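Work through the exercises below with the sequence and the model side by side, and try each task before reading its solution.

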Amino acid sequence: MKSPIWHPFTQMKTSPEPLKVLSGKGIWLELEDGRQIMDLISSWWVNIHGHSRPEIAKAIYDQAQTLEHVIFAGFTHDPAEQIAARLIPHLPESVNRVFFSDNGSTAVEVALKMAWQYWRNRDEAGRNKFIAFEGSYHGDTVGAMSAGSRSIFSRVFDELMFDVDYVSFPATFNGDDKVGKKEGESLAEIARLLDQNPERYAGVIIEPLVQGAGGMRMCRPEFLQKLSKLVRETGTLLIYDEVMTGFGRTGDWFASVKSRTRPDLMCLSKGLTGGFMPLSVTACSNEIYEAFLSDDPVKTLYHGHSYTANPLGCAAALASLSLLENNPGVFQDMQAHHQTFAAVLAGNHVVNRVRVCGTIIAMDIATGEEEGYLNRVSEYIKKQGLEKKMLLRPLGDTLYLMPPYCITIEELQTAYDGILEILAGLKA
Ligand SMILES: *Cc1c(COP(=O)(O)O)cnc(C)c1O
C-alpha cells in the first residue's frame with residue numbers, strides 16, 4: 001500500500017518515492033537499500049553536530065526520565081531556566097529576555113507580534129507596517145509568510161497575507177565590484193521609506209548575513225552596521241531572523257555577533273537543539289519586555305504554544321550549547337576550506353557568483369533556463385549527488401553546502417570533488 005503521508009514542499013503526483021532512512025551517524029545517513037549518504041545540508045540546516053550525537057541523545061533520555069513536559073504558564077523548570085541563562089551571554093547585549101516557542105516560523109510570528117504590540121502598548125498604533133527584504137524567507141505560517149518575499153511558495157495565498165514594504169537586498173559574492181553601490185541603493189530605499197513616514201513602521205526584519213531559502217544570498221557585515229544605525233536613528237525596531245544563521249553557521253556564534261550589530265528582537269531555532277528537538281527562542285530587549293508590564297491585562301503578550309519550552313528540547317539545547325562552547329573551532333574553521341574551494345571554482349564556466357559565509361558555500365549554476373527555484377538543474381544535481389553518496393538539495397539553480405560541523409576535512413574534500421564532477425557533467 002502506498003503511504004498515506006503528505007510530504008512538505010513536495011508535489012506528491014510527480015516526485016519520486018521518498019528514500020527511507022534507517023539511521024544516522026555523524027554526517028552519514030543509512031538508507032533502507034543499504035546506501036550510505038553524506039548529509040551535506042544538515043537535514044534542512046538544523047543538524048550542527050552530526051546525527052545521533054550521543055551527548056545530546058543522553059541529555060534527552062535523562063531529561064525524559066525526570067520531566068518530559070509541563071505547562072509553561074504559571075510554571076517553570078530547570079532546563080528552561082538554564083538554557084535562558086546560558087544562551088543570553090552569547091547573544092548581543094541588546095537582547096536579554098527570551099520567549100520560547102517550537103519552530104522557526106513561530107519564533108518569527110512571536111517577534112512580529114511583540115513588535116506590533118510594543119507600539120500599541122506605547123500608544124503608537126500608527127506604526128502598522130513592516131519593512132522586509134526582497135528574497136527573504138521567514139517561515140511558512142501566514143504571518144511569517146507575509147513578512148517574507150512573495151514567491152512561488154506564497155503566491156496562492158496572496159490575498160490572505162498582510163502587506164509589507166520591500167527593499168532590495170545587496171546580495172554579494174566573491175569578486176563582486178558593485179557591492180558598495182548595491183548597499184547604498186538598498187540603504188537609500190530604506191531611508192526614503194523611513195523619512196517619508198517616520199511614524200509608520202513597526203520594524204525592519206532581515207535574515208542577517210545570509211538569506212537562506214531565498215537562495216543563500218549573502219550580504220556584508222558593513223551593510224548590517226549601516227542598516228542598524230539607520231534603523232536606530234529613525235526609532236523603529238530591528239528584527240533579526242537568525243533561525244538559520246544562528247549557532248555558528250556564519251562562522252561566529254550569531255550573525256549579529258559576527259557583524260557587531262544589535263537587534264531589538266532576534267529569532268532562533270534551527271541549530272538550537274543541535275537538530276534533535278523542535279524548539280525556538282524569540283529574544284528581545286529589556287525595553288520591549290518592559291512595555292508589556294502593566295496592570296492593564298490588555299497589555300499582556302497573549303501568545304503561547306502547548307509545547308512552549310519543552311524540557312526535552314531545552315535539555316537537547318543545553319547539550320548542544322556545551323558542545324559548541326567546548327569546541328567553537330568546529331564552526332570557525334570551515335570557512336577557510338570553503339574559500340580554498342571557491343578559488344578552485346572561480347574559473348569554472350558553469351558557475352556564477354560563488355560566495356562563502358562561515359560554514360556555508362553557495363554558487364549559482366549557469367543554465368540556459370530562467371534563474372530561480374523552478375530551475376530544473378536542481379533535480380539533476382540532486383540525482384547526481386545521490387549517485388555520489390551526497391545529499392544535496394539545490395534551491396533551484398543555487399547549489400550550496402551547509403554541512404554539520406563534525407564533517408572531517410577528508411569528507412569535505414570528497415564533497416568538493418563530487419561537486420566538481422557534477423559540474424563537469426553539466427558542461428558536456
Ligand atoms: C527555516 C527558516 C524559518 C522557518 O523555520 P521553521 O522551523 O521551518 O518553521 C524562518 N526563518 C528562516 C531564516 C529560516 O531559514
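**Exercise 1.** Which residues are linked in a network of salt bridges?

*Solution.* This is a predicted model, in which local features need pLDDT of at least 70 and side-chain atom pairs count only at pLDDT 80 or more, while totals for chains, interfaces and linings use all residues. Residues are numbered from 1 along each chain as its sequence is written, and side-chain values use heavy atoms, with hydrogens and water left out.

Start from the criterion, a side-chain nitrogen of Lys or Arg within 4 Å of a carboxyl oxygen of Asp or Glu. The network consists of R122, E124, R127 and E287.

**Exercise 2.** Determine whether R122 and E124 are buried, partly exposed or exposed.

*Solution.* Buried means under 20% relative accessible area, exposed means over 50%, and partly exposed lies in between (1.4 Å probe, protein chains only). R122 has a relative accessible area of 36% and is therefore partly exposed; E124, with 25%, is partly exposed as well.

**Exercise 3.** Find the salt bridge partner of K129, and say where the two residues lie.

*Solution.* The side chain of K129 meets that of D165 in a salt bridge, at 3.0 Å from N to O. The pair links distant parts of the chain, since K129 is in strand β5 (residues 129-133) and D165 in strand β6 (residues 165-167), 36 residues apart; strands are DSSP runs of E, at least two residues long, numbered from the N terminus. K129 is buried, with a relative accessible area of 14%, and D165 is buried at 17%.

Key: Helices (H or I, at least four residues) and strands (E, at least two) are DSSP runs, numbered from the N terminus.
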